Amino acid sequence: KKFWVGLMDGDGSIQVNHWRYKNLQYRLVIKLKYNSENLKMLNLIATKIGGSVNIVDNKFAIWLVNNRNLIHKIIKIFNEYPPLSSRLRAQLAFMLECFKENNVEWYLNTRDKKYLNTNVEEVNMDVEYFNAWLSGFIEAEASFSIRTTSNNHSFSIGQNNDKYILDKIKNHFCITNQVRKIKDKFWFIEVYRKFTLVSIINHCIEYPLLGEKTISFNKFRDLFK
């Protein structure tokens with residue numbers, strides 16, 4: 001569940017739509033590149049949490065929940081392990097308001113303002129589930145790189161808008177590099193220092209990655225010197 005919340009913060013979405021302006025429809029979605037590792041991970045999520053997994057055009061593997069009763073049950077996980085990204089927290093708050101209002105006209109008048117939701121509480125990053133959450137977030141947003149010419153290793157991770165997430169990761173791994181802003185809203189940090197990379201490797205061993213990122217991580221770990 002903790003890993004799933006981190007993955008949702010990175011690659012997931014909480015969606016509310018309408019059907020022909022008559023009824024509101026609700027969905028939880030994680031959409032990933034289709035490969036055996038991601039498919040295995042999403043099937044595990046479906047087994048443990050609920051929902052179904054579909055393959056689209058042999059390009060994407062999609063975990064989907066569109067049953068309102070099941071969504072009500074699943075989002076209770078967020079009561080115990082709240083999302084940490086402002087994007088997902090706003091989406092969740094908007095869905096809960098839509099459940100309460102249950103009104104298509106209200107939805108149409110409000111949907112463009114959901115990311116300005118004033119009911120989203122301030123984010124507390126000092127949470128006991130952070131380590132497992134972080135592995136889910138790494139699965140979604142990080143990159144393990146090996147430069148073949150020099151055999152130098154690097155770890156990088158980024159996020160739109162939420163610099164506080166990158167600051168927390170920086171402090172968690174005692175990273176000395178600065179969090180950098182790229183373009184208008186993308187925050188990014190990259191690590192080359194071996195001592196820090198060892199800490200990141202040890203983290204991913206203790207709190208395993210579950211999808212495609214395991215391939216690049218295992219190669220990264222095995223070639224690390």
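## Terms and basis

Buried means under 20% relative accessible area, exposed means over 50%, and partly exposed lies in between, with a 1.4 Å probe and protein chains only. By that definition Glu212, at 27% relative accessibility, counts as partly exposed.

This is a predicted model, in which local features need pLDDT of at least 70 and side-chain atom pairs count only at pLDDT 80 or more, while totals for chains, interfaces and linings use all residues. Residues are numbered from 1 along each chain as its sequence is written, and side-chain values use heavy atoms, with hydrogens and water left out.

Helices (H or I, at least four residues) and strands (E, at least two) are DSSP runs, numbered from the N terminus.

## Helix 2

Helix 2 covers residues 36-48; at 1.5 Å a residue its 13 residues should span 18 Å, and the end C-alpha atoms are 18 Å apart, which agrees. The expected span here is 1.5 Å times one less than the number of residues. The buried residues of helix 2 are Asn38, Leu39, Met41, Leu42, Ile45 and Ala46. Seen down the helix axis, these buried residues of helix 2 fall within an arc of 165 degrees, so they line one face. The arc is that of the directions from the helix axis to the C-beta atoms.

Ser36, Lys40, Thr47 and Lys48 are exposed on the other side of helix 2. The cover over its buried residues includes helix 1, strand 2, strand 3 (52-56), strand 4 (60-65) and helix 7, where contact means heavy atoms within 4.5 Å. Just after helix 2, Gly50 takes a positive phi of about 125 degrees.

## Helix 9

For helix 9 (residues 194-206), 13 residues at 1.5 Å each should span 18 Å, in agreement with the 18 Å between its end C-alpha atoms. Its buried residues are Thr196, Leu197, Ile200, Ile201, His203 and Cys204. Viewed down the axis of helix 9, they fall within an arc of 160 degrees, so they line one face of the helix.

Lys194, Phe195 and Glu206 are exposed on the other side of helix 9. Among the elements that cover its buried residues are helix 7 (130-141), helix 8 (163-172) and helix 10 (213-223), together with strand 5 (142-147), strand 6 (152-160) and strand 8 (186-191).

## Strand 6 and its partners

Seven of the nine residues of strand 6 are buried, so this strand is largely enclosed by the rest of the structure. Strand 6 runs antiparallel to strand 5, with six bridges joining the two; two strands pair if DSSP finds at least two bridges between them. Arg147 stands opposite Asn152 of strand 6.

Strand 6 is also joined to strand 8 by six bridges, and these two run antiparallel. In that pairing Asn160 stands opposite Phe186 of strand 8.

## Salt bridges

A salt bridge is a side-chain nitrogen of Lys or Arg within 4 Å of a carboxyl oxygen of Asp or Glu. The count by this rule is five salt bridges. One of them links Lys2 and Glu128, whose closest N and O atoms are 3.9 Å apart. Lys2 lies in helix 1 (residues 2-11) and Glu128 in the loop between helix 6 (104-110) and helix 7, so the pair ties together parts 126 residues apart in sequence. Lys2 is partly exposed at 27% relative accessibility, whereas Glu128 is exposed at 59%.

Lys33 and Glu212 meet in a salt bridge with an N to O distance of 3.0 Å. Because Lys33 lies in strand 2 (residues 23-33) and Glu212 in the loop between helix 9 and helix 10, this pair ties together parts 179 residues apart in sequence. Lys33 is partly exposed at 49%. Asp126 and Lys168 also form a salt bridge, at 3.1 Å from N to O. Asp126 is in the loop between helix 6 and helix 7 and Lys168 is in helix 8, so the parts tied together are 42 residues apart in sequence. Asp126 is exposed, at 62% relative accessibility.

Asp9 is found in helix 1. Asp9 is buried yet has no salt bridge, and the nearest side chain of opposite charge, Arg87, is 5.4 Å away. Leaving aside neighbours within four places in sequence, the contacts of Asp9 include Arg87, Trp133, Phe137 and Gln159.

Most residues other than glycine have a negative phi. Arg20 has a positive phi of about 55 degrees although it is not a glycine. Arg20 is in the loop between strand 1 (12-19) and strand 2, and it is exposed, with a relative accessible area of 61%.

Cys174 also has a positive phi, near 55 degrees. Cys174 is placed in the loop between helix 8 and strand 7 (180-182) and counts as exposed at 54% relative accessibility.

Terms used: Lys and Arg count as positive and Asp and Glu as negative; His and the chain ends are not counted.
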